[in-house]
Amino acid sequence: MSTALETSPPTPTTTPSPTSAPGRPRRRGTPAWVGAIGYLVVLAEVVLFSLATDRFLAPENLFNIVSQGAVYAIAGFGLAVVIITGGDDVIKGGIDLSTGVLAGLSGIVAAVAIQAGLPTPAAVLLALVVSALFGLVNGTAVVLGVRPLLTTLATMGIVGSVTFVATDNVKIPLNDPFFDWLRGGDVLGVPTPVVVLLGVYLVMSALVGGSTWGLRSYAVGQNPVAATVAGIRPTRYIAGSYVVSALLAGIAGLLLASRLSAAVPGIGGQILLDIVLAGFMSVVFSRRLVVSITGTLMSALFVAALANGFTLLGVESQWVGAVKGLLILLVLAVAAIRERTVRR
Amino acid sequence: MSDTRTAAAPVAVPRSPRPSATELASRLLAPLVLGVILLVFSLMSKNFLQADNLLQVLNQSAILALAAAAMTIVVRAGGIDLSIGVSLDLGALAAAALIADGYVPGVAVVGGVLFGLTAGLVNAFLIVVLRIRAFLATLSIWFIGTSLQQVLTGGGAPIYLPKSTVPDGFAVLGNGTVGGLPVPVLFAVVVALVAWIALDRSRWGRVLTAAGEQPSATRIAGRLTGLSVAGAYVLASALAALAGVILASRTYGFIPASGQLYVLDAIGAVFIGATLSKLGRPNLLGTMVGVLIFALLANGMNLIGLSFYWQGLARGLALLLVLLTSVLLARHRATR
């Protein structure tokens, strides 16, 4: 219901990114600085932390932030696609609660397969296939009419349970040249996690921002009826979005397992909230306050940098959650108030 | 919005006065699943259908029942509350801390409920005044509340109350029985009844339901949607906090972050329960059926010796099964 109100009048412009401003007639309302809210907050964060501690901007630390943020970002891209295609009403629209546990599962599948003697490429492939299959289950159930929130809540329970049963709640060490390279290697001098993150980011932003599929996904999410009338079959895009999300969660899980040098059961539940945060907070990086891939990348890095900066400052870890929550609220409140006044 | 996917959405379609067979089947699905669970486990374990065990199940499910009743109210208002776990924890924390400081039980109970209720007040402000979406607002409160209880307990140290120091008046809340019925069960039943009356038999409930399903129309019709929705969040957090107080009494202390275990189960129970309603509305009776499905599954799996790790699988499958069958039946009905 609220989505119907919140969707701005369908415009022919395709890219939701804030770059569409120059050269076009100004749309009623939306001032350009709305899209800058998020960037300003990130800038403030970086400036504050780098003033407070000179270790924050050290190369090793920046690498730490990026490789931690990469897990949230990559899984967050998937969630972003689900929200874009499903609409951003949280009760009825798109959401994927299973992305965290699927990331955990993918690491475990890979670790178990390698332990069982499978060659690494096969193990990696298997992990991704298993993830995608669960994505297909999500997609099918959602298309059949079960609400996304509940479908993915159910698969979250199922997958979480599978990870515990499969490992007996013991972490599985992961000693494998490929995963070592994924953690600490480099491609032409650039650390591998950074390369993976950049690669996935470029592919996803090209797909979502520049391809027919991305355009139609936005159309399906913002107005399924209009999309159907225009000849798009929403079900196909919606089901596909859950497979994409699961696949990206799988990739994020491999990265996570390599970072920890082990597949850790139960970690999926712990990273879920940060992934959800990255996906939803991406709206403050866009002028029209829609979910976007670039926004997801920025908010994932923002969340990772926040935890990192506080650790460097010696703030006790229990405060990090509170500050995270408060900052999100601040950003969301600004966005919500802005959105409201814009719409009048 | 998204008519294509919410087949069970409350659309006023003229119906024949007699419900069709598939509609009835879809609405009886959850009770049916409950029956099947009862049957299967009673065949697999002879201890399952004993009165003692069933009473134990009720006792175990009381906290979830309270949390799910709270969730029902909020979902009826068209929102969701991820922070009921925080309210529950804060209620337990305050009650345990007050008892540890030697206050009388009454103060501990009231203090617990009031402390947990603050989360609801903040939620109401964020959602009704600032109009932040319920999911995100309550997610933030989840972060803040989790952090807050770690800070308040010096990094997440549990509070243990030595049994001898706990006044009887407090211990009875979680451990006592009245006429053979455990006190937590009585609390759950009374709260469910009161919540049912509030939602389905009061003016507030009518406005709330309308505000949840047609917010703009209700506002235009001159109802105080904001106030009634705000009330829903405050009431929900108060009920969750009460659950926390009972949990603190039952466990003789406070274990940080124990409330969050109930949030997702509560959501599942509410939506399993919504299949019982003709309009797909969350309702108290259905929610309690959902709670019992989860509780009986957990208990039965324990009795037949399956490890704790399988429970998520069983819950997930039960949830998916009920919802999927219900939408499939609804589709069948629609295409006829």
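This is a predicted model: local features need pLDDT of at least 70, side-chain atom pairs count only at pLDDT 80 or more; totals for chains, interfaces and linings use all residues.
Local features require pLDDT of at least 70 and side-chain atom pairs count only at pLDDT 80 or more, while totals for chains, interfaces and linings use all residues. Residues are numbered from 1 along each chain as its sequence is written, chains are lettered from A in the order in which they are written, and side-chain values use heavy atoms, with hydrogens and water left out.

The size of an interface is often given as the accessible area lost when the parts come together. Between chain A and chain B, about 4800 Å² is buried, and carbon and sulfur atoms give 75% of this area; buried area is the accessible area (Shrake-Rupley method, 1.4 Å probe) lost by two parts on being put together, summed over both. Chain A contributes 59 residues to the contact and chain B 51 residues, where contact means heavy atoms within 4.5 Å. The interface holds 0 salt bridges (a side-chain nitrogen of Lys or Arg within 4 Å of a carboxyl oxygen of Asp or Glu).

Chain B carries a nonpolar surface patch of about 910 Å², with L39(B), L303(B) and W310(B) among its residues. Such patches join nonpolar side chains within 5 Å, from residues with over 30% relative accessible area and no salt bridge. Helix α2 (residues 29–44) of chain B gives the largest share, 6 residues; helices are DSSP runs (H or I) of at least four residues. L39(B) lies in this helix and is exposed, at 54% relative accessible area (exposed means over 50%, buried under 20%).

Helix α6 (residues 134–152) of chain B is mostly covered, with 15 of its 19 residues buried. From first C-alpha to last, α6(B) reaches 26 Å, close to the expected 27 Å (1.5 Å times one less than the number of residues). Just after α6(B), G154(B) has a positive phi of about 60 degrees.

Technical notes:
Patches are made of residues with over 30% relative accessible area and no salt bridge: like charges are joined within 9 Å, nonpolar side chains (Val, Leu, Ile, Met, Phe, Trp, Tyr) within 5 Å. Accessible areas come from the Shrake-Rupley method with a 1.4 Å probe; for residues, only the protein chains shown count as cover. Helices (H or I, at least four residues) and strands (E, at least two) are DSSP runs, numbered from the N terminus. Buried means under 20% relative accessible area, exposed over 50%, partly exposed in between (1.4 Å probe, protein chains only).
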